[in-house]
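Here is a short briefing on one protein structure. Look at the model first, then read the points below.

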Amino acid sequence: MSKLLVRVPQNGAIVVVAKCPIPGKSKTRLIPLLGEDGTVELARSMLSDVLLTLDGCPALENVHKILLYAPGNDTGLTIMKGIVNQLHLSLVKESSHHNKGPFSSSARTGDKLGWDLLPMLEGDLKASDLGSKLEDALVKARKIMDTNQSRVGGVVFLGMDAPMLSLEDIIAGLLDADTTTSASSSPAMLCPADDGGYGMLCVPPNADPSKTFCNMYWSHSLTAVSQIKALTDQNIMVKIGKMMHDIDDPSDIKALCNRLEESNSDQGEKNLNAHYAAMTDSVTSSHPPCQFTRKALLNAGVLKVMNMKTGI
């Protein structure tokens with residue numbers, strides 16, 4: 001069967017929201033199961049898989065990629081630069097005012113844009129004021145795009161703890177944000193999580209940053225619902241994408257292991273929703289699915305099935 005051509009985003013940004021993997025501070029609810037070292041290894045591995053999956057997707061080569069990290073201080077910068085460098089990802093040149101803004105976003109390596117490192121506003125990642133931090137990140141992501149593009153596209157927000165990404169929804173969200181006939185009516189895209197939160201949100205250009213993350217129920221069973229309300233209150237339609245799965249509790253680890261074992265089948269990650277069935281390899285990534293996450297779970301003794309394709 002011949003492959004169909006797929007439109008790919010020509011602008012937009014992806015913001016990966018990440019807490020630095022630090023012993024005793026990362027995914028603490030998993031420590032009883034994995035131990036402190038195993039928990040840090042898993043957090044670092046999930047972040048690595050998310051970054052490499054995005055970086056290895058041909059359809060996202062024209063999309064700005066931003067790593068929003070907490071704590072947003074020199075310690076956080078050192079940790080995140082170390083992770084990015086170890087993964088051999090390209091960084092754009094560092095700004096001389098690290099604490100006041102992101103790295104300069106003009107650099108391009110080969111055919112794709114490098115990664116911007118953006119410190120999270122006022123340090124740590126806490127649910128009590130997460131909305132203000134995401135609002136600040138949305139404003140800065142749009143400034144990064146505005147510096148290098150004739151128009152501002154959609155901004156995708158992703159967490160670091162859902163390594164099985166829905167690339168097709170990310171791409172569809174960015175395309176919807178860019179190609180709607182009227183910019184004032186561009187829709188948002190949200191991928192709900194099974195705990196009531198969400199794993200991906202694409203914010204269109206017509207969304208007001210001061211209203212988009214307002215009156216939110218963070219770390220709550222109504223997080224996704226409150227996010228949808230914040231957008232629909234601005235007369236922005238919200239499309240719902242594929243279900244995603246955050247890794248927060250020991251029960252999430254068991255469910256993740258089951259999904260990873262199922263993905264060893266021939267179908268695996270190639271199963272797309274019916275409305276994306278015409279998409280081609282441009283929706284995939286050169287990075288093997290969950291490669292580092294599998295290794296971390298194997299090292300912790302909680303994943304028993306080897307992935308025959310990756311050897312991990």
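A crossing of two helices is left-handed if the near helix is turned anticlockwise from the far one by less than a right angle, and right-handed if clockwise. Helices (H or I, at least four residues) and strands (E, at least two) are DSSP runs, numbered from the N terminus. This is a predicted model, where local features need pLDDT of at least 70, side-chain atom pairs count only at pLDDT 80 or more, and totals for chains, interfaces and linings use all residues. Residues are numbered from 1 along each chain as its sequence is written, and side-chain values use heavy atoms, with hydrogens and water left out.

**Helix packing**

- H1 passes H8 in a left-handed crossing.
- The axes of H1 (residues 31–55) and H8 (residues 291–299) come within 7 Å and cross at roughly 165 degrees. Axes are lines fitted to C-alpha atoms, for helices over the stretch in contact, and angles run from 0 to 180 degrees between N-to-C directions.
- H1 and H8 are therefore roughly antiparallel. Angles under 35 degrees count as roughly parallel, over 145 as roughly antiparallel, 65 to 115 as roughly perpendicular and the rest as oblique.
- H7 (residues 250–262) also meets H8: their axes come within 11 Å and cross at roughly 120 degrees. That makes H7 oblique to H8.
- The crossing of H7 and H8 is left-handed.
- Ile 253, Leu 256, Cys 257 and Leu 260 of H7 touch H8 through Thr 293, Arg 294 and Leu 297. Contact means heavy atoms within 4.5 Å.

**Nonpolar cores**

- A nonpolar core is a set of buried Ala, Val, Leu, Ile, Met, Phe, Trp, Tyr and Cys residues joined through side-chain atoms within 4.5 Å. Buried means under 20% relative accessible area, exposed over 50%, partly exposed in between (1.4 Å probe, protein chains only).
- The largest core has 43 residues, and Leu 54, Leu 60, Leu 67 and Ile 170 touch the most other members.
- Helix H4 (residues 167–179) gives this core its largest share, 7 residues.
- A second, separate core has 30 residues, including Val 17 and Met 216.

**An aromatic pair**

- The whole structure holds 1 aromatic pair. Rings of Phe, Tyr and Trp (its six-membered ring) pair if their centres lie within 6.5 Å; planes under 30 degrees apart count as stacked, over 60 as edge-to-face and the rest as tilted.
- The ring centres of Phe 157 and Phe 213 are 5.5 Å apart and the planes lie at 85 degrees, so the pair is edge-to-face.
- Both Phe 157 and Phe 213 are buried.
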